[in-house]
Amino acid sequence: MAKISIDGIQYEVNAANNLLQECLSQGLDLPYFCWHPCMGSVGACRQCAVKQYRDADDTKGTLVMACMTPITDGGIYSIQDSQAVDFRSHVIESLMISHPHDCPVCEEGGECHLQDMTQMSGHNYRRYDFQKVTHRNQNLGPFLNHEMNRCIACYRCVRFYGDYAGGSDLVALASHHHVYFGRHEEGTLENEFSGNLVEVCPTGVFTDKTFSAHYSRKWDLQTAPSICSGCGVGCNTSPGERYGSLRRIVNRYHHDINGYFLCDRGRFGYDANNSPQRVTEPVFAQARINGNSEASAHKSMTALEAARQFEAMTGGEVIGIGSPRASLESNIALLQRVGAENFYPGLSDGELACVREVLLLLREPGLHCPDIRGLEQCDCVLLVDEDLSNTSARMALALRQATRNAATAMATAARIPPWQDAAVRELAQHERSPLIILSPQGTRLDDVASDTFLGTVAQQIRLLNAISRCLDPHFDAPVESPELVARAETIAGALVQATRPCLVSGISAQSPALIQATANVARALRIRRKGETESPVDLCFAMPEANTLGLALLAEGSANTLSAALSRLAQGKADAAIVLENDLFRRAPAAQVNAALAGQLPLVVLDHLHNAFNAHARLLLPAASPAESNGSWVNYEARAQSAYRVFAPKEPLRASYEWLTPADPVQLPLIGSEEILAQFASAHPGFAALRKLLTQREGLSAVMKSPRQLPRYSGRTAMQADKHVHEYRQTLDPQSPLSFSMEGVPLQKDSSLLSVAWAPGWNSNQAISKFQQEINGELQQGCKGVHLLTRDGVDASYTQTAQLSEKTLSPYFISHLFGGEEISAEAAAIQARASGPYACIDDKRARELGVNQHGRIAVHAGELSVTLPVLIRQRIAPGGIGIYCAGELDRFTLAQELRVEAVAEEPDMLLRSREMFRHLLINDSWQGRNGA
Amino acid sequence: MLRLIKDTLISQVVTLWKVFLHAFDKTDTVEYPDVKPQMFSRWRGRIILSRDPDGEERCVACNLCAVACPVDCIALQKAEDEEGRWYPEFFRINFSRCIMCGFCEEACPTHAIQLTPDFEMAEYVRQDMVWEKEDLLISGTGKYHDYNFYRIAGKKIGGKDKGEARNEAVPVNVRSLLP
């Protein structure tokens, strides 16, 4: 801590930071552009000039850039000094010289950092009479608009995109006042974090193209604190609604999880909410009852009729199948409706086995599950099998930052403060902390990896066992080849040398043996470190869906599996079945699901999108989407977080838990999510922690709600006037502490439910600094979520891992960020980046088969035969074959032994596959520092 | 007693006399609607949406009128044509809420929304006071004849390329090495 004086007022500040950051931490308004809380300082824009005085006698002072000025104890500074104010007003005037006078037609308008800073610096009228520099724009793909005229050359975009997120296709071109930020040639921005440019860019150069297609100003959007349901990380989001449709998602700061950045699946996947595939009304398939196969006999009904039908159909013993993509409340409601013995987690058997292993590991003392910020602080990471960039992309971004810890350490040794971004990068050059990747194919993290091992799951397990043995000689592992042992020794050495080593894996491979082998390495590492340090070893597993862990926790203690449920259905050993928000064709072999459907039990499905499975439902109930319903989600660390509905769904949509809780549907209000949680938490001691998620408000906030709308929300008396000139009553929300209006406790008084960051004078998302305890610190108020698991398990010794056979040809399954997840795949922009199913093989196998790049092969497994376009990659496990299912292929049948043969090429098919592979953006040029 | 007479009775007699004299004054009443009053051009009456000198819609759906409106009676939705020009997909004013304050006109950066001297806006049915873009859009420029927002703003639209707006240089060739 240091004591400094700014404009005659004494402040206690953190001496490790720069002056700008500390000014903002103290709540002072100082304009800036190039500095970003997560990316440090480069001193490019000259906007944050302040006066620095030598001592109390110095009356003249010197102008310094606050972002480049380290804090000195006893320092005297002035923001208000007239020379500093004058300097800043001239800087902004020159930055605005070529600004194109197009705020009214700019998507950034109203939440523009440049507008805010211009106001703050007091620049009003343009005095420069000469010509403005103009630029041509590029088409940057389905996510982003490009409008280069608005650029002020702060370099934040390339610093984020290149330095922070590791992208290589956004660069600064040309020089002096011609400088241009774009691609070498027009095309889609490849990086999976490109969407963050919308928030990183202080002006409107990069704006959200999907938002622009149904644009609303920030002040007109109704927002609520929400949780991304795209994967198991649990990033905090602020979705915005206008006129009954979801318009966009922006980042909502969470200190431990997403920080300032979201991945593109999370940011652009929201459009599935507005998809034509939405289930908008109850569908009752009369045809199935009458034995008539005419699909047109579907009868639509009102919510009340549907609820009655639902009650009538689900008497007696009912099988309930839960869902990892439904909220905790919906799953609880189903569990309570059908009873624990009839509740089946809707995870595939392989996934369930893996998640059960993970749950044990999350309870095991001596291990620690790092949050995303924790991952960023690890100085050696062993990433096992999971293709994080395509499954839990935010974790991949964190690992990319973790590799920078070597640079930070070098800088600290050289007495360079870590926020001196350019200096630290210059010093470190390509020096990185070790990141070791074990994977069946090249990944998008390979460019920062210190070592990559390409191997099938069986080969990876062998290597992991060898590492465990290197770490702890007592570990019982089979003798391996000297090459593998040498490799294992290098990796073990890196893990031992690190002060905070971390192991990261996932359940995509659906292999419990892999999880056990990874855990064994963590245990061996802990034994090795004993004596040196008692700190637990970091070990975490990425979860594929937003509530995978929550669902597994609910079903813990029961031996029910999905295949058991399906065989019960097939044999008709129940009176009816309820399937909650789940496409079972993605969870079990098609033959098994079809057999279950042939059982002819009354099947009720609740879902918000039509899919292959719910087309078979006798009654399909329209469920509210995550943005339209309250709910809690349990992320990969078993952290439960609450999401609040952004807007009330249109009749007859209901949240799944509302459908599932037997109540008179006419009598409002329906059951609230908090009521379900509270009841469940008091009945189940294991879930007692959930109580902390419930609304606890004091003082003014206890009697008033928090508004979902900003104070300037417009058009209230005209929005629906075309339907009826008398205004409709504001939708009430008795279930949550938020209201569907602009009245309530202002954000500045109570930010415990921070729907969206806004502060007077700070209209952009960078207003978040006004809600943090200090810059990059915790939020002042609000619930960070609660951990549902404590380290109370047994201190397990090593688990024996099953040896997998390497003889048969079984594929590994590829994941893709775009299209790989069921719900976001329905968003139009995501679809534009997604590909269909394909197979991935290496050169050797391609030659054997006689197939060319983008040609086609036929894959036979059991009774399934499919023809797939082929991607021949250099970086793929020797002898491996990868298959991307795209949600269309039956993964479970393909996981058996495969037979592959070439198919004759047709020119038009070749063209089509080439077109499909264009967006995959697979880069095999990285060989890793140590070779592969 | 005398004082009471002086204070009340005389005053009333004087008032009666003055009222009587007004019978011979020139009348101020206008026989509306047979005689239409002459309004000032800056009178804040019925709101219209104008067109630019090229005959295109001036409104760019920036939403500033809606946010400035103290009674929130303006609602609109932005749309964009293939060549980048913004326009309102719908533009609705609920005149039964409008207080004719003129803030929308002040806020409008393109001179699209203007208040006119027309005050005859009564309706028998309140629903008829909700006006859509088709009702609001006139074919002329209204009070401001010359202003064309897109000729000044640097956004490319159909018929106006980059570098063709006022005070703009031709687009930079990023591959050029010249200073």
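Predicted model: local features only at pLDDT ≥ 70, side-chain atom pairs only at ≥ 80, totals over all residues.
The crossing of helices α11(A) and α19(A) is right-handed, a crossing being right-handed if the near helix is turned clockwise from the far one by less than a right angle, and left-handed if anticlockwise. Helices here are DSSP runs of H or I with at least four residues, strands are runs of E with at least two, and both are numbered from the N terminus. Residues are numbered from 1 along each chain as its sequence is written, and chains are lettered from A and ligands numbered from 1 in the order in which they are written.

To return to the two helices, α11 (residues 349-363) of chain A packs against α19(A) at an angle of about 20°, with the axes 8 Å apart; axes are lines fitted to C-alpha atoms, for helices over the stretch in contact, and angles run from 0 to 180 degrees between N-to-C directions. That makes α11(A) roughly parallel to α19(A), since angles under 35 degrees count as roughly parallel, over 145 as roughly antiparallel, 65 to 115 as roughly perpendicular and the rest as oblique. Among the residues that make this contact are C354(A) and L361(A) of α11(A), together with I515(A) and A519(A) of α19(A), where contact requires C-beta atoms, placed from the backbone, to lie within 7 Å. The residues of this contact divide into seven nonpolar, one polar and one charged, with Ala, Val, Leu, Ile, Met, Phe, Trp, Tyr, Cys and Pro counted as nonpolar, Asp, Glu, Lys and Arg as charged, and the others, Gly among them, as polar.

What does α19(A) lie across? Helix α19 (residues 512-529) of chain A lies across β18, β19 (380-384), β22 and β23 of chain A, and runs at about 170° to β22(A).

Those strands belong to an open sheet of six, in the order β18-β23-β22-β19-β20-β21 (chain A), with parallel pairing; two strands pair if DSSP finds at least two bridges between them. Because β18 (367-368) and β21 (451-454) of chain A stand at the edges with a single partner strand each, one side of each is left without a neighbour in the sheet. Strand β22 (residues 501-506) of chain A is joined by five bridges to β23 (residues 537-542) of chain A, and G506(A) has A542(A) as its bridge partner in β23(A).

Finally, 34 residues of chain A are in contact with 40 residues of chain B.

Terms used
Contact = placed C-beta atoms within 7 Å.
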